[in-house]
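The questions and answers below take up the terms used for this structure. Each answer sets a value beside its definition.

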Amino acid sequence: SAYGLPKGRGRSPMNWAILTGHTKFITYLFRYSEGMDDGDIMGFKVFDIMPYDDIGSLHTKNRIAMGELLHSYAARIADGTLNFFPQPDDEPTYYPKRTREDGFIDWHQPTEVIHRLVRAVAPPYPGAMTLLGDVEVPVLAGQPFDSGLFDPTIPSGTVVDVNLSLNRLVVKTGDSAYLINHFGDF
């Protein structure tokens, strides 16, 4: 977009905004046309992507932003007095469709990259996936844990702590450790 931010255009842009580390998102109210999300713009709203947001909270923010846009423009849409403006001439941002395999955690990655993946595919999506032996385990929520508590020579992907009473695991990552604090059914 003209603001250098991902906008509501293409496939799952909110997921990609989390994955790519953006801190703002632009959602647009636009006129439908024959192309993909390329109609003239009525208005837009920018909202924050906070470090603790996941895809569920971004969907909530987007719904609220769209409600505000519709409330602001509904009367002018109805009476035909709304002024539309063309989308910027710059190349639109399109992201590839994510596949099931894209949701698997690579524990060799830095903790922040893993955390962005978990946030981006959290419910209402199926969650990130990891293997526990041969069993696929959905990781629905987690958080960066600690950068110096564990021996750095421990291989990435090693479970370094199990808390049975809280049903949590700590896993060694490429640069530190990650706390898995919510699993899906497996």
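**Cores, surface and salt bridges**

Q: What makes the largest nonpolar core a core, and which residues have the most contacts inside it?
A: The largest nonpolar core has 28 residues, and Ile 105, Trp 107, Val 118, Ala 128 and Ile 180 have the most contacts inside it. A nonpolar core is a set of buried Ala, Val, Leu, Ile, Met, Phe, Trp, Tyr and Cys residues joined through side-chain atoms within 4.5 Å. At least two residues of this core come from each of H1, H2, H3, E4, strand E6 (168–172) and E7. H1 gives the largest share, five residues. Helices (H or I, at least four residues) and strands (E, at least two) are DSSP runs, numbered from the N terminus. Another core lies apart from it and has five residues, among them Leu 29, Leu 69, Tyr 73 and Leu 82.

This is a predicted model, in which local features need pLDDT of at least 70 and side-chain atom pairs count only at pLDDT 80 or more, while totals for chains, interfaces and linings use all residues. Residues are numbered from 1 along each chain as its sequence is written, and side-chain values use heavy atoms, with hydrogens and water left out.

Q: Why is H3 called largely enclosed?
A: Eight of the 10 residues of H3 are buried, so the rest of the structure largely encloses this helix. Buried means under 20% relative accessible area, exposed over 50%, and partly exposed in between (1.4 Å probe, protein chains only). The buried residues of H3 are Thr 111, Ile 114, His 115, Arg 116, Leu 117, Val 118, Arg 119 and Ala 120. They pack against helix H1 (13–19), H2, strand E3 (128–132), E4 and E7.

Q: Why is His 108 called exposed?
A: His 108 has a relative accessible area of 59%, which is over the 50% limit, so the residue counts as exposed. His 108 is in the loop between helix H2 (55–79) and helix H3 (111–120). Apart from neighbours within four places in sequence, His 108 contacts Ser 156 and Gly 174, where contact means heavy atoms within 4.5 Å.

Q: What makes the group that includes Leu 132 and Phe 186 a nonpolar patch?
A: Leu 132, Val 135, Val 159, Val 162, Leu 164 and Phe 186 form the patch, with about 600 Å² of accessible area together. Patches are made of residues with over 30% relative accessible area and no salt bridge; nonpolar side chains (Val, Leu, Ile, Met, Phe, Trp, Tyr) are joined within 5 Å, and like charges within 9 Å. Accessible areas come from the Shrake-Rupley method with a 1.4 Å probe; for residues, only the protein chains shown count as cover.

Q: Why is the pair Glu 68 and Lys 45 called a salt bridge?
A: A salt bridge is a side-chain nitrogen of Lys or Arg within 4 Å of a carboxyl oxygen of Asp or Glu. For Glu 68 and Lys 45 the N to O distance is 3.0 Å, so the pair meets the rule. Glu 68 lies in helix H2 and Lys 45 in strand E2 (residues 41–48), so the bridge ties together parts 23 residues apart in sequence. By this rule the count comes to four salt bridges.

Q: How do you know that Asp 53 is buried?
A: Asp 53 has 3% relative accessibility, under the 20% limit, so Asp 53 counts as buried. The side chain of Asp 53 meets that of Lys 61 in a salt bridge (2.6 Å, N to O).
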